[in-house]
Amino acid sequence: MTAVSPRPSFDLPQPTLRIDGKYTSAQQDQTYDSFNPATEEHVATIAAAQPADVDAAVAAARRQFEDGPWSRMSGSERGRILTKAAELIAADAENLAFLEAIEMGKLFHDSVNGDIPAAAEVFRHFAGWADKVTGTTALLPAFGPQRRFGYTIRQPLGVIGAITPWNNPALIAAWKLAPALAAGCTAVVKPAEDASLSTLRLVELLTQAGLPDGVVNVVPGLGPVAGAALAGHPGIDKISFTGSPRVGKQIQSLAGDTFRKVTLELGGKSAQLIFDDADLEAAMPWIAMGNFYHQGQVCAAGTRVLVHESIVDKVVDGLVEAAGNAQIGDPFLPTSTMGSIVNERQLDQILRYIDIGRDEGAELVTGGSRLDRPGYFVEPTVFRGTNDLTIAREEIFGPVATVISFKTTEEAVRIANETKYGLNAMVYTNDLSRALTVTEQLRVGTVWINGWGVPDPSLPWGGRGGSGIGRELGRSGIEADTEEKTVHVGL
């Protein structure tokens with residue numbers, strides 16, 4: 001266990017609502033407290049939006065969309081502002097990373113070198129889209145005596161409600177905001193109560209970049225209050241949510257009453273398929289990262305490790321070595337490789353699943369315990385078992401790997417697909433034909449071949465089945481925030 005390091009000092013953003021460009025307290029002065037999960041110390045008291053506050057935020061976004069300059073601004077001008085936003089985010093990386101570390105225990109160096117530059121890149125990418133939101137044309141057959149010409153236009157959808165998770169708050173806020181803003185939409189953001197500060201800071205940077213007041217409004221608060229009010233609000237044209245399947249079902253039901261668009265990314269229980277010809281020396285760092293990165297609190301984590309029976313012992317040994325080498329401790333120490341779990345509730349859930357794994361007969365190979373120190377720290381954990389175990393079926397959202405052996409390619413694909421989720425999968429093999437064949441057969445939204453990483457903003461991201469509906473990023477991100485209109489012209 002490493003010692004606690006001196007922490008960098010940054011100013012916190014205003015822990016209030018931000019509506020129509022103004023900071024404001026919540027109705028009845030409602031608040032909630034944010035704590036540092038690595039120390040259990042109080043971080044900030046944050047305004048907790050009430051339904052009336054959400055009404056005000058949606059009204060501000062609606063006024064800006066219908067009467068303000070943003071949706072009428074040229075795409076090139078919107079792109080210029082989003083490019084400036086990308087520059088400000090990149091320059092503010094240490095501050096944003098500090099806020100994520102103190103609120104959710106994410107490693108400072110992972111944020112400052114990974115998530116925050118990636119968020120800047122998302123804005124930079126969609127800045128390039130802003131003046132390229134175009135339709136199609138068609139020469140149509142004559143209708144009676146009249147010649148006809150047809151074309152389509154893509155128009156901004158309207159007011160977007162964005163509800164973001166705590167595990168990658170700034171990055172996923174960027175995923176939702178950048179394409180919406182490029183398309184000319186306005187937005188209301190409800191950040192996760194466990195990680196609101198980096199989103200509040202992100203919107204401050206957007207304002208500094210030149211975003212008009214009311215284009216993006218922020219309503220931190222509790223999910224059952226602020227989140228439910230936003231998801232069910234009649235003034236919202238689309239809800240984009242990243243979080244648990246349980247909440248996703250509620251949001252889809254609320255949005256369905258008025259047939260609004262929804263994009264739901266609801267997590268996963270992803271498989272890593274490791275075949276007997278895989279280059280294990282090159283693959284093991286990626287396989288371990290797919291389980292232990294950000295303490296396993298990643299929707300794309302590959303915690304079902306499917307391994308050909310001939311090399312299963314080598315993979316287990318590699319995971320045990322990676323777990324043993326983990327430096328678990330202060331997120332600000334450059335030597336730390338694992339930080340804390342986000343809160344005590346999540347830690348208790350992880351420990352409960354570990355107990356279930358033991359009770360159901362899985363072989364605990366390493367880990368399995370909370371660390372005896374202040375903060376919510378847990379050992380990286382490796383089980384050997386089968387795909388019918390609870391720990392292999394349900395999303396734990398913690399550093400808990402289940403290694404499952406297989407004999408044939410067909411069996412590996414069958415096991416990988418035996419899940420209610422369908423977000424992503426990883427395939428490790430040196431056989432290109434096998435890699436492409438297996439990729440085609442996997443029922444997921446994304447496949448990584450011989451690696452794992454952060455989704456690129458130029459390509460769509462999303463799942464199927466219990467992992468949600470719709471896509472973010474890439475051209476799909478623009479299409480999700482626009483409506484296509486068809487025009488027929490008689491000549």
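These legends accompany several close-up views of one predicted protein model.

Residues are numbered from 1 along each chain as its sequence is written, and side-chain values use heavy atoms, with hydrogens and water left out. Because this is a predicted model, local features need pLDDT of at least 70 and side-chain atom pairs count only at pLDDT 80 or more, while totals for chains, interfaces and linings use all residues.

**View 1. How confident is the model, and where?** Over residues 1-5, however, the pLDDT is below 50. Where pLDDT is low, the predicted coordinates should not be read in detail.

**View 2. The largest nonpolar core.** A nonpolar core is a set of buried Ala, Val, Leu, Ile, Met, Phe, Trp, Tyr and Cys residues joined through side-chain atoms within 4.5 Å. Here, buried means under 20% relative accessible area, exposed over 50%, and partly exposed in between (1.4 Å probe, protein chains only). The largest core has 105 residues, and the members touching the most others are I89, F123, L181, V216, I274, V305 and L319. Helix α5 (residues 169-183) supplies the largest share of this core, with 12 residues. Helices (H or I, at least four residues) and strands (E, at least two) are DSSP runs, numbered from the N terminus. A second, separate core of 29 residues includes Y353, I396, A412 and A416.

**View 3. Around L319.** Which residues is L319 in contact with, leaving aside its neighbours within four places in sequence? Contact means heavy atoms within 4.5 Å. The partners of L319 are M284, I287, A288, N291, F292, V305, V382 and V403.

**View 4. Helix α3 among its neighbours.** Helix α3 (residues 93-104) has 12 residues and reaches 16 Å from its first C-alpha to its last. That is close to the 16 Å expected at 1.5 Å a residue, where the expected span is 1.5 Å times one less than the number of residues. This helix is mostly covered, with 11 of its 12 residues buried; among them are L96, F98 and I102. The buried residues of α3 pack against β3, β4 (41-47), α2 (75-91), α4 (108-129), α5 and α6 (197-208). Just after α3 comes G105, with a positive phi of about 75°.

**View 5. Two loop residues with positive phi.** Q28 sits in the loop between β2 (22-24) and β3 (31-36), and its phi is near 55°, a positive value in a residue other than glycine. L473, in the loop between β19 (468-469) and α15 (474-480), is also a residue other than glycine with a positive phi, near 75°. Are these residues buried or exposed? Q28 counts as exposed because its relative accessibility is 60%, whereas L473, at 0%, counts as buried.

**View 6. L347 in helix α11.** L347 has its place in helix α11. At 0% relative accessibility, L347 counts as buried. Not counting residues up to four places away in sequence, L347 touches I341, R370, Y376, F377 and V378. The C-alpha atoms of L347 and K190 are separated by 24 Å, and these residues lie 157 residues apart along the chain.

Key
pLDDT = per-residue confidence, 0-100.
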